[in-house]
Structure formats: C-alpha cells, structure tokens
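I open these notes as a record of what I looked up in the structure. The entries go from a whole chain to its parts and its partner.

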Amino acid sequence: MSATMKVEVVSPEAVLYSGEATMVITRTLGGGEIAFQPGHAAFLGALTQSHTRVFLADGSTEDIAVHGGFVEVSSNKVSILSDTAEIASQIDVDRARAAKERAESQLRGEHDANAVAALGRANARLSAAGVQV
Amino acid sequence: MAGGQERILRGRIKSMQATKKITRAMELIAGSRIVKAQQRVQAAVPYSEQITEVVKDLAAAGGSSDSPLLLGRDEIRTTCYVVISADRGLCGGYNAGVQRAAEGEIKADTLGGKDYRIVTAGRKAEGYFKFRNYNVAASFGGFSDSPSYDNARDIAQAAVAMYESGEVDRIELVYTRFITPGSQEVVLRPLVPLTTEAIQGGDGKAGSTDGSGGDYEFEPDPSTILDTLIPRYVEARVYAALLNAAASEHAFRQRAMKSATDNAEELINNLSIVMNRARQDAITTEIMEIVGGAEALGSGKSSTAQYVDLLGESPVPAAQHGDN
C-alpha cells in the first residue's frame, strides 16, 4: 500500500493544499461521504459542506473544511475545487462556534435555508478544527 | 520688484517639490502593489484552469444541460456590458481606455438598433456612465485595488440574474488585461452564454491536454453537476477579470505617477534656473544702483554749481515746470 496519488485542493484565491496522499474523504451533494484511493476510476462530483480529510503518505492527515465545490478524479489525481475552503489551522474556532449557535437559535424559530447552510458550514469548520461537535 | 519675482518663483518651486513628493510616494506604492496583484492573478490561475477542465470534461462526457447560460438565445436584442474600472483617478489613461471601449460598443449597438445595459465595477466608470445618462443597471465599487472572490460573486450574480430574467441576451466583460507590468490591453470578452470559444478564451492557460475524457462516473448526475458548476465558472471568469484589472490599474498608476514625478523634476529645474537668473538680475541691478548712487554722490560735490548754473538761476522753476 505504498501507492499514492496527487491531491490538490484549490480555491479561487490560492492553492490550499497540493501533495501526495493515500486517501481522500469528502462528501458529495446528496450522495454522502465518498473516499478516493489511488487508482480510482475517473469521477466527477459536486460537493456539499464537509470536513474533508486528506490522508498523507506519512500517516498524518490534513483536515480541510470545504464549503461546496467540485471534485474531479482522473489519471490518479484528485482535484477539489471550492470557492470557499479552509485548512484546519486557519479556522477561527470561536467564530465558528458563535456562528453555529446563531444558526441553531435561528432554526429553532423557523426553517431558513441560509441558516441551514450556515450551520453546515460551522459544523464543517468545527469538525475540521478537531473540536467535538 | 525683482525681489518680488524671486519670491514668487521660490514659492512655486516649493509647491512643486511637495507635489513631487506625493507623486513619488504614489509611484512607489503602486509599484509594490503590482507585485502583490500579479501574485494574486497567478494564484487564481489553477482554479480557473481546473474549472475549465471540468467543464470541458463534462461537455465531452455528454453532460447536456438545459441551463440557459449554456444554450444562448437565437436573437440577441440586448447586451449587458460589465465594465471594470478603477475607484480612483490619477492612473493615466486606464479608466478612459475601458470607458472608451465600452462606449464604442454601445454606440455600435445603438446604431444597429439593439439595446444595452451597463454593469459597472469601480466608481470611475459608474460616474462616467451615469453622468452621460447611459443605462446603468447596477454598479459595484470600493474594491478595485484588491478585489475578493465575494466581489466577483456579487457582480456575476447581478449580471446572471439579468440574463436569466430575459432582460439581456448576452453578457460581455470589458476590462484591462494584464500581460506584463509594461503592457496591458483593453479587451472585450464574451461571458454568457458560454460558447466553446468562450470556454477556451479564458485568462487561465486553456488546458491543452484532453485527458482520457469519456468514462467518468458522476455523482449526482452530469446535468445537476453542470447546473451548479456553470455559475461557479462565470464567477471564476469575473474574478480573473477583476484581478487582471487590479494589476493593470496599479501598473497604469505607477506609470502615470512616474511621468508626473519626472515632469515635476523638470519644472523644478527650469524654475530654479529662472529664479537664479532673477536673483542675479536683482543683485546686478542693486550693484548698479549703488555704483550709480556712489558716483552721483562722489561727482555731485564738484558739479552741483555747474548743474544749477546750466538750469539758470535756481532749480525751482524747473520743478514747477515738471508739475505742469
């Protein structure tokens, strides 16, 4: 199991992560979590907010909060395109927690698509930052 | 009088030096920002390159979509121009170039019996077109130095909403493309509908290697992916245009401020020469006056009598004559 594949997480403003990895787990729109390993068949998917994990060759993992976007797998390369994505170390945990509380209290009152999306984002951030939700 | 002129010149030189300091500072600031703006243009390339790749793969895999953004309309009646300019002036012909290009297209459309709408990014274009009573549908501003992706999203959403509601049949981007710090060009690029040439005409280097294409798995189905992908693609295009425009703005401003600094320097030199000459003149005149005065005093003692003699009995009648 020394096979690796190239992984790239790209946002419009920067390349967040680029390197070799053994596995990537992310979440597609309506399809649940999906994992990619080296040699995966060509795949194209739309993503939802998720805590995306990139398992590196040296056994460590890179946690990234991805808020929607796309994943393309072809010729042993996984590209995740997202208009907003954050690496775990860049996540402001306090802010995410506050956002989660705000969204939850709003949802207790009425159902609001924006609040649901905000809650999803906050959860993805907190999970990627390694905070118990 | 001569001294007065010298003082005026000294004042002008001083104000010129103050102006030069300001233009020099602006030149240096713009120069340092070009580098940053250029890096942001570079940083945006991978995303736009890959999203183009995904669109192409989807199209190659037969992912057809009913999205109006992709289909286009048979009859083009109204065109929306997204004009990207700066928020501030003092950048040479930067704003004028974009505005002229957009205005030319609009005049051609009007002559051809077609309608138009304008969406402006940057306060300068907004002021220009509103003042001339053009049909400005929406304006954005306050971010031309360093646009963020959110700004691009706002602009793209406003323009796409107009397209989807049928208010406009096509969207064109007018902006200044950044090639090198020494050369930029005003370009007009089709944004919506997305034709194959529009996809390949992006600012990111269009991917030439056509992977394997074909055998993709999709989740969810290709049409749904395409429907969510296309708005992102339009946003990425607008974002790339904004970044290009920002880098160009800094390059134009640096150039304009450099020539302003050079001009100020030249003026200061010329004025210093004039001032020195005026001062020398004043000194010469003063010396002449002193010499003349001394001579008059020195020779006066011996010649007073002769002088009075020449006039007649006394100098008084001569003074009376002068009064008349």
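The entries below follow the order in which I looked things up.

**Entry 1. Conventions.** I worked on a predicted model, in which local features need pLDDT of at least 70, side-chain atom pairs count only at pLDDT 80 or more, and totals for chains, interfaces and linings use all residues. Residues are numbered from 1 along each chain as its sequence is written, while chains are lettered from A and ligands numbered from 1 in the order in which they are written.

**Entry 2. Chain A as a whole.** I looked up the elements of chain A and found 2 helices and 7 strands. Helices (H or I, at least four residues) and strands (E, at least two) are DSSP runs, numbered from the N terminus. Their order from the N terminus is β-β-β-β-β-β-β-α-α. The radius of gyration of chain A is 15 Å, close to the 14 Å that the globule rule gives for 133 residues, so chain A is as compact as a globular protein of that length. The radius is taken over C-alpha atoms, and the rule is 2.2 Å times the number of residues to the power 0.38. Along the principal axes, the C-alpha atoms of chain A fill a box of roughly 50 × 25 × 25 Å. Of its 133 residues, 40% count as buried (20 or more other C-beta atoms within 10 Å of the residue's own, with C-beta atoms placed from the backbone).

**Entry 3. Two domains.** The assignment for chain A, automatic or from a database, gives domain 1 (5-87) and domain 2 (91-128). Their C-alpha centres lie 23 Å apart. I found 8 residues of domain 1 in contact with 7 residues of domain 2, where contact means C-beta atoms, placed from the backbone, within 7 Å. On the domain 1 side, S4 and S5 of chain A each supply at least two residues, and S5(A) gives the most, with 4 residues.

**Entry 4. Helix H2(A).** Helix H2 of chain A (residues 113-128) has 16 residues and reaches 23 Å from its first C-alpha to its last, close to the 22 Å expected at 1.5 Å a residue. That expected span is 1.5 Å times one less than the number of residues. Which residues of H2(A) are buried? Among them are A:Leu119, A:Ala122, A:Arg125 and A:Leu126. Their cover includes strand S4 (43-56), strand S5 (61-74), strand S7 (85-87) and helix H1 (93-109) of chain A. After H2(A) comes A:Gly130, whose phi is positive, near 85 degrees.

**Entry 5. The largest nonpolar core.** Such a core is a set of buried Ala, Val, Leu, Ile, Met, Phe, Trp, Tyr and Cys residues joined through C-beta atoms within 7 Å. The largest has 98 residues, and B:Val82, B:Val83, B:Ile84, B:Ala159 and B:Leu242 have the most contacts inside it. Helix H7 of chain B (residues 222-311) gives the most to this core, with 20 residues. Both domain 1 (5-87) and domain 2 (91-128) of chain A give residues to this core, so it lies between them. I also looked up B:Leu242, which touches B:Ile84, B:Ala121, B:Pro147, B:Asn151 and B:Ala152, not counting residues up to four places away in sequence.

**Entry 6. Where the chains meet.** The contact takes 23 residues from chain A and 26 residues from chain B. Elements giving two or more residues to the chain A side are strand S1 (5-11), strand S2 (14-28), S4, S5 and strand S6 (77-81) of chain A. The largest share of that side, 4 residues, comes from S4(A).

Notes: A residue is buried if 20 or more other C-beta atoms lie within 10 Å of its own, exposed if 12 or fewer, and partly exposed in between; C-beta atoms are placed from the backbone. Two residues are in contact if their C-beta atoms, placed from the backbone, lie within 7 Å.
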